[in-house]
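Subject: Structure for your review

Dear colleague,

Please find below the sequence and the structure that I am handing over to you. I would be grateful if you kept them open while reading the notes.

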Amino acid sequence: MGNESRRFENPGTEERCALLKRVKTIAVVGLSPNPARPSYGVAKAMQGFGYTIVPVHPEAKTVLGAKAYRRLADIPGPVNLVNVFRRAEHVDAVVDECLSLGHKILWIQEDIVNEPAALRAQAGGMTVVMNRCIYRDYVEYCR
């Protein structure tokens with residue numbers, strides 16, 4: 001593609017559903033222990049649908065009954081999808097960590113947009129969904 005500027009595009013509905021049916025373990029970066037926060041409600045719902053949720057939060061010890069980890073690199077087991085609930089300016093660091101760890105799927109929640117980071121993740125071989133709610137997509141398209 002050379003120096004042409006690329007625009008980020010999400011995978012289509014069928015591809016998003018296929019990946020949600022394939023994954024089992026979701027690391028949620030920025031999963032708050034506060035039940036009033038959107039990250040908590042979404043992760044709790046996804047847990048209710050049978051996904052294993054791995055909280056990533058620098059200060060929490062446990063969230064939703066699961067041990068929380070400070071960073072993605074601290075998670076001992078396999079992670080199929082990284083779901084991000086951090087402000088757009090923090091997504092670059094999450095992408096860096098995902099690429100260094102070899103993660104394959106990155107889902108950046110609704111209202112969080114960092115196109116350069118998403119394009120960099122794609123260029124690194126990741127499937128990236130951005131500015132979409134994982135819970136809403138699952139409920140509307142995949143059940």
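Predicted model: local features only at pLDDT ≥ 70, side-chain atom pairs only at ≥ 80, totals over all residues.

Helix α3 and its surroundings

I began with helix α3, which spans residues 91–101. Its buried residues are V91, V94, V95, E97 and C98. Viewed down the axis of α3, these buried residues fall within an arc of 165 degrees, so they line one face of the helix. On the other side of α3, A93 and S100 are exposed.

As a general point, two packed helices are described by the angle between their axes and the distance between the axes. Here the axes of α3 and α4 come within 9 Å and cross at roughly 10 degrees. Angles under 35 degrees count as roughly parallel, and α3 and α4 are therefore roughly parallel to each other. On the α3 side, the contact is made by V91, D92, V95, D96 and L99; on the α4 side, by A117, R120 and A121. Of the residues in this contact, five are nonpolar, none is polar and three are charged.

After α3 comes G102, which has a positive phi near 80 degrees.

Salt bridges

Side chains of opposite charge can pair when their charged atoms come close. How many salt bridges does the structure hold? There are eight, and I describe some of them here.

In one of them, the side chains of E115 and R7 meet at 3.6 Å, N to O. This pair links distant parts of the chain, since E115 is in helix α4 and R7 is in the segment before α1 (13–22), 108 residues apart. R7 is exposed, with a relative accessible area of 65%.

Another salt bridge joins the side chains of D137 and R16, at 2.4 Å, N to O. D137 lies in helix α5 (residues 134–142) and R16 in helix α1, so the pair ties together parts that are 121 residues apart in sequence. Are these two residues buried or exposed? Both D137 and R16 are buried. They also belong to a network of salt bridges that links R16, R132 and D137.

The side chains of R71 and D74 form a further salt bridge, at 2.9 Å, N to O. R71 is partly exposed, with a relative accessible area of 45%. D74 is likewise partly exposed, with a value of 32%.

With kind regards

Notes:
Residues numbered from 1 in each chain as written. Heavy atoms only, no water. Buried < 20%, exposed > 50% of the residue type's maximum accessible area, 1.4 Å probe, protein only. Helix = DSSP H or I, 4+ residues; strand = E, 2+ residues; numbered from the N terminus. Arc of directions from axis to C-beta. Salt bridge = Lys/Arg side-chain N within 4 Å of Asp/Glu carboxyl O. Axes fitted to C-alpha atoms, helices over the stretch in contact; angles between N-to-C directions. Parallel < 35°, antiparallel > 145°, perpendicular 65-115°, else oblique. Contact = heavy atoms within 4.5 Å. Nonpolar A, V, L, I, M, F, W, Y, C, P; charged D, E, K, R; others polar.
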